[in-house]
Amino acid sequence: MQLGSLKPLRVAVAAIFLGLTAFLFLDFREIGARSMADAVLYLQFAPSFLNFLEAATLGATGFLIVIVLTLAFGRVYCSTICPLGALQDVLGRLGGRRRYRFTKAHNGIRYAVLGLTVVLFVAGSGLLLNLLEPFSNFGRILSNLVRPLLLAANNLAALVFEQAGYHGLYRVRWPAIAPLSMGVALAMLLLVGWLSTGRGRLYCNTLCPVGTLLGILSRFSVFRIRFDSGACRECGRCERVCKAECIDFKAQSVDASRCVGCYNCLAVCPDNALRLSGASGSGSGGAGENPGRRKFLIGLVAGSVGLAATGANAASPPSAMSDAAPPPAVTPSRSTTVPEKRTSPVSPPGSRSIKHFTSRCTACHLCVSACPSRVLAPSLFEYGLSGMMQPRMSFQSAHCNFDCTVCSEICPSGAILPLSKERKQRTQVGVAQFIRENCVVYTDNTNCGACSEHCPTKAVHMVPYLNGPGRKLVIPEVNAAICVGCGGCEHACPTRPYKAIYVNGNPSHKLAEKPVVEKMEPLPDTGEDFPF
Amino acid sequence: MDRRDFLKKTLSGTIVAGATLAFGKVGGFWNAAADAAESGKTWDLVAVRGGGPDAMFDSAISAYGGMRTFVSRGSKVVVKPNIGWDVPPERGGNTNPKLVTRIVEHCLDAGASEVTVFDHSCDSWRQCYLNSGIGEAVEKAGGKMVSADSKGYYREVSVPKGKRLNKALVHQALLDADVFFNVPVLKDHSSSMLTASMKNLMGVVWDRWYWHRNDLHQCIADFSSFRRPDLTIVDAYNVMKRNGPRGVSVNDVVNMKAQVLSTDFVAADAAAAKLYGVEPSDVRHIRLAAEMGLGRMDLQNLSINRIKLG
């Protein structure tokens, strides 16, 4: 194979990964993301690794393949599989062609960042990982910024088509607005946009923990780009197209730890002076190798110092719901007075416990995008600082569909583990709490029962209540044993600002009892006759 | 000719086809031999028992003189079934898809220019449309399923006789329709006691929340004064007898094989209540609507066509 054709090959593979991954986050018509997700995301490094920590199954070995791939060919992960990497290439290209030149590696920063990320993670806080991990950042950019634009375009188009009587394009309701997540996504988009238009893959080579980790491995990679010193005429074209800024043509060195395997240099070299070879050429392992490692260790130690603070935040109590969608714009008849007492947020079914969930979730927001009911919403600080942006169940504008298991099927990191429908229907993520003083039946002496209507197990059932003249009043009662915490009751409860019924999360998910199915009492037998 | 004139004319002038026990293509109805002396009479209520949801509708609608009694050529029809829950047909949580399909077929056969079907569901709407079996069945029959999941689809209307409910946001498909068929499923309801015709109309408004907050039964009755459906068809084929309106399992359901049709949906609810096993006057919104003069619940004084099949 001609070395020059490696670049178009790389571009093609990257385009496929970028396209498919983007599709998963943007599939608002639910035409296939669910069935494709496992295959498309199999090789995503951080989610796969986290998944592997949970259960070392075949489906979670993608990161091992990436490691093998890196040891063989260097950081091709960064140039083909990583969607944020491909996005940076796209943004860089949009910003116009640029001439790059060799710079020294910012080893101090990158090893410190990696070290701190690892140390925090080991200590139980994924905060830094979640903020910097490339797949999750890509997901948040798509989910929080691109998807809303797509929905707006769809809804506008739907409006136009409806005028013509065509209803094939339907309007799609917005997800709950999450300013924090949108802000972080926007900040990251601006950062990688700015860096990629000016400095190529500087993000990957200074801030990205995955890039740095793979960079360490790629120092030992077998096939890497090397100079054939005899053939090089020092024209410098390779250095000018190297978006990793890792080629020093004068020194005829390529910093393998930063090379992302884009193969631009191979395509541009007129003399075939650059080779993808297994033989050790000039032995250029990269500048500043040793100081880098030293700093990495220093960073590791420094990180453990700062760890206590962030780790502690993970356990801090959740704050009130503040980023949920506003309630319907109708003046409430009478405001309720008793605030809900939430002692724990509600994590999605399949996440087992708040602890498990927050330690495995990288806040990529794939579940938020895929949730058909839109009940999953990025948190603010309900899970504590280190769990910010990790999705929680928000019943303000939706409830969890009883039969639905989409989030557990689609989660790439094992934060939400797969559940069968039967198991999901008994997974108790929280328990409904009734506040009688807020209930319409109590305050107005009229029937309501919206909570009980929505309850799929009838854990919330209506019992006789003080009867006014001619009124058969009934009021809710909760059977906690069969409640699954789906939030149907809370979502449907019409009282404002405080709900008369709400779901308090189970820090550890439980198994609800099955609703007892009694035999139906025999009907008054009318035969096939009419009772009127 | 407006709808009312059309209706009168058809009722007085036509004796149409009974042969609706006819199996097979709906297209044959209008050529079929006239049946029963009873057809052509203006019934207050038609009740059928003993057949499939589609067969029962065939015979009931022929007792009204056929679908052309209600649908004139070129008219826009809205069919409002109950598609509130993400449950399969056998759970009785939604209107039977066979009945909805049959109604759509009859409408198109009568020359309707379009038949639109929607419901503002409680569970996620696409799951409801899918798993109720109604979405696919309607589209196969040539009807149009439209979303009711966005506030933008609703327009504000006033409710003329409303005591607690004076205004509501109503789906535009209904507001733009010439003919309106209300097709509820009869079932148990945790707080309104039962769900049938009037309760089904909560699915044409955006803000159900307001109803629950402001005397549910009164709001249900109030809304009945907004627009009387041209015909109400109560599906009592599979009737959820407890744990309604969503139901917990198929064990909540009794196979009742019944159907009630009426141009007066208070009367339809009264008959449905009897089928379900309660007195109409015990269901507060039925009583309130009758008291407000929106319809009649005095079944003993109504002219009822009782049809038994099979």
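Analyst: Happy to! The second largest pocket has a volume of about 580 Å³. A word on terms: on a 1 Å grid over the protein atoms alone, a pocket is an open set of points where a 1.4 Å probe fits, with protein on both sides within 12 Å along at least five of seven lines, and lining residues have an atom within 4 Å of a point. Grid points are joined across faces, edges and corners, and the volume is the space filled by probe spheres set on them.

The lining of this pocket is made up of 25 residues, and those closest to the centre are Lys7(A), Asp89(A), Arg93(A), Lys243(A) and Asn264(A). In chain A, the elements that contribute two or more residues to the lining are α1 (6–26), α6 (83–94), α13 (237–241) and α14 (264–268). Helices here are DSSP runs of H or I with at least four residues, strands are runs of E with at least two, and both are numbered from the N terminus. Sorted by class, the lining holds ten nonpolar, six polar and nine charged residues. In that count, Ala, Val, Leu, Ile, Met, Phe, Trp, Tyr, Cys and Pro are nonpolar, Asp, Glu, Lys and Arg are charged, and the others, Gly among them, are polar.

Please keep in mind that this is a predicted model: local features need pLDDT of at least 70 and side-chain atom pairs count only at pLDDT 80 or more, while totals for chains, interfaces and linings use all residues. Residues are numbered from 1 along each chain as its sequence is written, chains are lettered from A and ligands numbered from 1 in the order in which they are written, and side-chain values use heavy atoms, with hydrogens and water left out.

Glu234(A) sits in the loop between β1 (224–227) and α13 of chain A. Its phi is near 55 degrees, a positive value in a residue other than glycine. Glu234(A) has a relative accessible area of 41%, so it counts as partly exposed; buried means under 20%, exposed over 50%, and partly exposed in between (1.4 Å probe, protein chains only).

On to the cysteines. Across all chains, the search finds zero disulfides, a disulfide being a pair of cysteine sulfur atoms within 2.5 Å. For Cys238(A), the nearest cysteine sulfur belongs to Cys235(A) and is 6.2 Å away. Cys238(A) is buried because its relative accessibility is 7%. Cys439(A) is likewise in no disulfide, with the sulfur of Cys448(A) the nearest at 6.4 Å. Cys439(A) has a relative accessible area of 5%, so it is buried.

Stepping back, chain A has 22 helices and ten strands, and 55% of its 532 residues count as buried. It is divided into domain 1 (3–311) and domain 2 (354–511), with bounds from an automatic or database domain assignment. The C-alpha centres of these two domains of chain A lie 37 Å apart. Between them, 38 residues of domain 1 are in contact with 29 residues of domain 2, where contact means heavy atoms within 4.5 Å.

Two backbone details complete the tour of chain A. Arg374(A), in the loop between α17 (366–370) and β5 (376–378), has a positive phi near 60 degrees. Arg496(A) and Pro497(A) are joined by a cis peptide bond with omega about -5 degrees, and Pro497(A) lies in the loop between α22 (488–492) and β10 (501–511) of chain A.
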